[in-house]
Amino acid sequence: MGRRSDHSPDELRELLVLSGHALMGERGFAKFSAREAARRAGYSVGTIYNVFGGLDSYLIAINSRTFRQWGAWLEAALIDAPSDRAGRIEALVRAYFGFAQNNQNVWMAIYDHRIDRSIEIASEDDAAREGLTSIVDREVASTLGLNDNDARRLVRSLIATVHGHCALWLTGSYALLEEKDPAGQAVDRVLEILTHHLTPSES
């Protein structure tokens, strides 16, 4: 039975996201149950629809929590990264792999969820996604001496490159290719691309 009087709307939203995120981490996207997530939070599944408007928005909010954790993971890795440009980029790529490895179910859920493009994504969920990519924007812009806007298009391609290596690795497909160091290969590809974009005096 729901306990709506126990929590404010914001508290209830956060409670449901925390419950859903924990369940997603345990079961993964394919075995995720909104009903079970609500039950663990002490509410009925109808509360999820009342708070989020639908399952899609609820899953987006759960994935947004993953994006925020992922961004914090990258920032933490950069604190201890070497000060040279190549060292910071390598730390960023390896942190991408590290987060995915340590949080496989919630990481895969980001990509397993096919977002209904007809729904409006909440501003805080947009911000969570932008927060992650802005870290990469910042580092690449610094490496190339560009402003953030000029770096954005290149960054999206670099992220796709790293993601491809990481996803193949986590699903076991990379092992079938008899490649033992997908993270190292991803680092090499990213540094090759960035070196290509440096001016002769910078490279």
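**One isoleucine, then the domain interface**

Let's begin with I110, which sits in helix α6, residues 104-112; helices here are DSSP runs of H or I, at least four residues, numbered from the N terminus. Before I go on: this is a predicted model, where local features need pLDDT of at least 70 and side-chain atom pairs count only at pLDDT 80 or more, while totals for chains, interfaces and linings use all residues. Residues are numbered from 1 along each chain as its sequence is written, and side-chain values use heavy atoms, with hydrogens and water left out.

So, is I110 buried or exposed? Buried, at a relative accessible area of 12% (the cut-off is under 20%, with a 1.4 Å probe and protein chains only). Beyond its neighbours within four places in sequence, I110 touches N63, T66, F67 and W70, contact being heavy atoms within 4.5 Å. I60 is 50 residues away along the chain, and its C-alpha atom is 8.2 Å from that of I110.

Now the domains. The assignment, automatic or from a database, gives domain 1 (1-53) and domain 2 (63-198). Eleven residues from domain 1 and ten from domain 2 make the contact. Together they bury about 830 Å², 61% of it on carbon and sulfur atoms; that's accessible area lost on being put together, 1.4 Å probe, summed over both. On the domain 1 side, R13, H21 and F29 lose the most area to domain 2.

And R13 comes back: its side chain forms a salt bridge with E124, 3.5 Å from N to O (the rule is a Lys or Arg side-chain nitrogen within 4 Å of an Asp or Glu carboxyl oxygen). How many salt bridges are there between domain 1 and domain 2? Two.

Technical notes:
Helix = DSSP H or I, 4+ residues; strand = E, 2+ residues; numbered from the N terminus. Buried < 20%, exposed > 50% of the residue type's maximum accessible area, 1.4 Å probe, protein only. Buried area = accessible area lost by both parts, 1.4 Å probe.
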